[in-house]
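Please keep the sequence and the model in view while reading.

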Amino acid sequence: MKLTARERIETLLDRGTFVEMDKHVVHRCNDFGMENKRVEGDGVISGYGKIDGRIVFVYAFDFAVLGGSLSAANAQKIAKVQDLALKNGAPIIGLNDSGGARIQEGVESLTGFAHIFRRNVMASGVIPQISAILGPCAGGSCYSPALTDFILMVKEQSQMFVTGPNVVKAVTNEDVDKETLGGAMTHNSVSGVSHFICNSDEETLMTIRELIGFIPSNNMEDAPVHPVTDEVNRICHELDNVVPSDPNIPYDIRNIIEPVCDQQYFFEIQPEFAKNIVIGFGRMAGRTVGFVANQPNFLAGALDIDASDKAARFIRFCDCFNIPLIAVEDVPGFLPGVQQEHNGIIRHGAKIVYAFAEATVPKITLITRKAYGGAYIVMNSKCIGADVNFAYPTAEIAVMGAEGACNILYRKATPEERAQKIEEYREKFAKLGYIDEIISPCDTRLRLIQALEMSRNKNQSNPPKKHGNMPL
């Protein structure tokens with residue numbers, strides 16, 4: 001069941017902490033009978049409150065007032081809390097349930113969106129920005145969420161689309177319903193626009209509270225440190241049996257991430273999109289860490305266009321907000337194919353290189369099995385700038401797999417000779433990998449925490465510049 005805008009804010013924030021602003025604002029439109037349709041607040045509730053005792057700013061569209069449409073007046077309300085959030089270094093959360101621009105106000109309503117978008121961009125990388133899509137959001141009301149750091153949607157309740165099904169039908173003659181065009185499953189699994197899919201308003205709001213707990217209030221602070229209730233030197237014996245000895249057998253990389261986190265809890269982000277890479281937050285010794293991991297269970301963990309986009313954006317978020325990065329690597333390479341090449345895998349794959357190389361937070365890499373070719377380089381290799389590189393005894397670092405390499409180098413050899421050369425190749429290049437230590441899987445948690453503690457005071461800055469020109 002959908003909550004009202006005010007109920008959503010009360011559910012999101014600590015009880016009794018919400019302070020409302022601009023409660024009596026009304027729109028200024030006198031055309032098309034609008035002079036008789038004035039409601040105090042004008043369809044947006046805005047203000048500030050606390051989540052786990054930390055200040056956050058919030059605004060919520062009220063779909064019951066003129067379809068939650070944006071007017072010049074309520075755009076000013078939103079812009080005001082955006083400005084306050086930026087000045088005070090606090091996260092801003094938008095609860096969106098809006099039909100878009102208020103048609104009766106025409107260009108003046110569109111200008112309101114422009115003011116909001118510009119503030120989204122100015123706040124990017126300075127304060128966390130989170131958007132919940134709690135109903136249908138069309139046109140301009142999609143772009144502000146798209147400019148923010150995280151988007152949450154509700155299954156079978158939320159939709160986002162630039163143009164609705166009727167316009168699509170008129171322009172392209174395609175028949176499509178709202179859910180297929182821009183529903184929660186579409187944007188979580190196909191487009192990658194959304195980061196979380198939830199079953200209800202309440203679950204969405206609780207997920208936002210949990211997310212806020214992992215991240216700092218602004219780019220000058222560190223994420224909250226939680227009391228350490230899990231042994232730092234806990235031995236993870238279950239990790240000794242996760243990686244199969246056969247390099248062609250898949251396994252779930254989350255079975256390596258979860259045991260090393262405090263309380264074995266991993267907060268995954270975008271689990272339905274680009275499943276060949278896994279991203280998310282965990283805590284180690286009470287401190288937030290961002291994980292980027294290849295997933296051998298899907299496309300053998302190969303990097304493709306969607307995985308590259310997903311990983312690069314998360315890496316850059318962590319770097320913006322002082323969150324250390326751990327890359328867990330088992331990658332056979334970039335996904336080959338005509339479609340991947342024609343759609344720009346080179347351009348998209350370069351985003352991960354750019355993101356990891358640009359990041360100045362502590363960066364640690366753990367190679368569990370395959371680390372082949374260019375994909376090995378982009379996954380936070382030593383020369384890209386990793387601070388500490390670990391490897392399991394099962395790790396292989398090479399231009400390509402031993403079998404593929406020997407099929408090229410010794411194509412005229414007998415099967416017996418080729419099998420011998422494969423073993424020689426595997427052994428030779430394992431000794432030349434750029435790694436700092438080969439560790440036992442069961443010691444992973446302790447070794448990662450030690451590396452994080454060592455690099456906590458890392459002080460690195462990139463050359464002065466207005467900004468780089470990332471491949472987009």
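## The chain as a whole

Among the contacts in the protein chain with a separation of 6 or more, 73% are between residues 24 or more positions apart, where contact means heavy atoms within 4.5 Å. This is a predicted model, in which local features need pLDDT of at least 70 and side-chain atom pairs count only at pLDDT 80 or more, while totals for chains, interfaces and linings use all residues. Residues are numbered from 1 along each chain as its sequence is written, and side-chain values use heavy atoms, with hydrogens and water left out.

The protein chain has 16 helices and 17 strands, which are DSSP runs numbered from the N terminus (helices: H or I, at least four residues; strands: E, at least two). Of its 472 residues, 53% count as buried, that is, under 20% relative accessible area with a 1.4 Å probe, protein chains only.

## Nonpolar cores

The largest nonpolar core holds 58 residues, and those with the most contacts inside it are Ile93, Leu95, Ile208, Phe281 and Val292; such a core is a set of buried Ala, Val, Leu, Ile, Met, Phe, Trp, Tyr and Cys residues joined through side-chain atoms within 4.5 Å. Helix H10, residues 305-320, gives the most to this core, with 7 residues. Apart from it lies another core, of 29 residues, including Ile253, Val278, Val289 and Ala451.

When neighbours within four places in sequence are left aside, isoleucine 93 is in contact with residues that include Leu12, Ile51, Phe57, Ile130, Ile208 and Ile212.

## The largest pocket

The largest pocket has a volume of about 1,100 Å³, taken as the space filled by probe spheres set on grid points that are joined across faces, edges and corners. On a 1 Å grid over the protein atoms alone, a pocket is an open set of points where a 1.4 Å probe fits, with protein on both sides within 12 Å along at least five of seven lines, and its lining residues have an atom within 4 Å of a point.

Of the 31 lining residues, the closest to the centre are Ser124, Ala146, Asp149, Arg313 and Arg316. H10 gives the most to this lining, with 8 residues.

## Arginine 8

Arginine 8 lies in helix H1, residues 5-12, and counts as buried because its relative accessibility is 2%. Not counting residues up to four places away in sequence, arginine 8 touches Asp97, Gln157 and Asp201, among others.

Technical notes:
Buried < 20%, exposed > 50% of the residue type's maximum accessible area, 1.4 Å probe, protein only.
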